[in-house]
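Let's take a friendly walk through a protein model, going from the overall layout to single residues. Keep the picture at hand as you read.

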Amino acid sequence: MTIKTNQELAQAVNDAIKESGYKKSYISDKLGISRQAFSNFMNKTNFSLDDANKILEIIGQSTFTEIHENYEK
């Protein structure tokens, strides 16, 4: 899957959470934040790869990062 925006990254993590069967309350507890704070965390506009990795580690998954440069001529 190619992810180009922070919102697409957050959506991919949300999808991974759904597929994993883990409850978001469990993940928020592991992160040491409230369920509401977790919701805000997932909806922030600058959701990063580090954010994704924190969550994916909890549910036993990981990311593979490949950087592509696009040049317009």
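## The overall layout

The protein has four helices and zero strands. Reading from the N terminus, the order of elements is α-α-α-α. Please keep in mind that this is a predicted model.

How much of the protein is buried? Of its 73 residues, 26% are buried. Among contacts between residues at least 6 apart in sequence, 52% join residues that are at least 24 apart.

## H1 beside H4

Helix H1 covers residues 6–20, and its axis lies 10 Å from the axis of H4. The packing angle between H1 and H4 is about 5°. Angles under 35 degrees count as roughly parallel, so H1 is roughly parallel to H4.

Which residues make this contact? From H1 come Leu9, Val13, Ala16 and Ile17, while H4 brings Leu49, Ala52, Ile55 and Leu56. Sorted by class, the contact of H1 with H4 holds eight nonpolar residues, no polar ones and no charged ones.

## H2 across H4

Now look at the second pair. Helix H2 spans residues 24–31 and helix H4 spans residues 49–58. The axes of H2 and H4 are 10 Å apart, and the two helices pack at an angle of about 110°. Angles from 65 to 115 degrees count as roughly perpendicular, and H2 and H4 are therefore roughly perpendicular to each other. Their crossing is right-handed.

On the H2 side, the residues in this contact are Tyr26, Ile27, Lys30 and Leu31. They meet Lys54, Ile55 and Ile58 in H4. The contact of H2 with H4 has five nonpolar residues, no polar ones and two charged ones.

Threonine 5 sits in the segment before H1. Its relative accessible area is 33%, so threonine 5 is partly exposed. What does the side chain of threonine 5 reach? It reaches the backbone nitrogen of glutamate 8, at 3.0 Å. Threonine 5 and serine 48 are 43 residues apart in sequence, and their C-alpha atoms are 9.5 Å apart in space.

Asparagine 6 belongs to helix H1. With a relative accessible area of 33%, asparagine 6 is partly exposed. Between asparagine 6 and serine 48 there is a separation of 42 residues in sequence and 6.4 Å in space, C-alpha to C-alpha. Leaving aside residues up to four places away in sequence, asparagine 6 touches Thr45, Asn46 and Phe47. The side chain of asparagine 6 also reaches the backbone oxygen of threonine 45, at 3.4 Å.

Lysine 44 lies in the loop between helix H3 (35–43) and H4. Is lysine 44 buried or partly exposed? Lysine 44 has a relative accessible area of 29%, so this residue is partly exposed. From C-alpha to C-alpha, lysine 44 and glutamine 7 are 8.5 Å apart in space, although 37 residues apart in sequence.

## Two buried residues

Find serine 28 in helix H2. Serine 28 counts as buried because its relative accessibility is 1%, and the cut-off for buried is under 20%. Not counting residues up to four places away in sequence, serine 28 touches Ile33, Ser34, Arg35 and Phe38.

Next, find aspartate 51 in helix H4. Aspartate 51 is buried too, with a relative accessible area of 6%. With residues up to four places away in sequence left out, aspartate 51 touches Phe41, Lys44 and Asn46.

Definitions and conventions:
Residues numbered from 1 in each chain as written. Predicted model: local features only at pLDDT ≥ 70, side-chain atom pairs only at ≥ 80, totals over all residues. Heavy atoms only, no water. Axes fitted to C-alpha atoms, helices over the stretch in contact; angles between N-to-C directions. Parallel < 35°, antiparallel > 145°, perpendicular 65-115°, else oblique. Left-handed = near helix turned anticlockwise from the far one by under 90°. Contact = heavy atoms within 4.5 Å. Nonpolar A, V, L, I, M, F, W, Y, C, P; charged D, E, K, R; others polar. Buried < 20%, exposed > 50% of the residue type's maximum accessible area, 1.4 Å probe, protein only. Polar contact = N/O pair within 3.5 Å; in protein donor to acceptor, adjacent residues only side chain to side chain.
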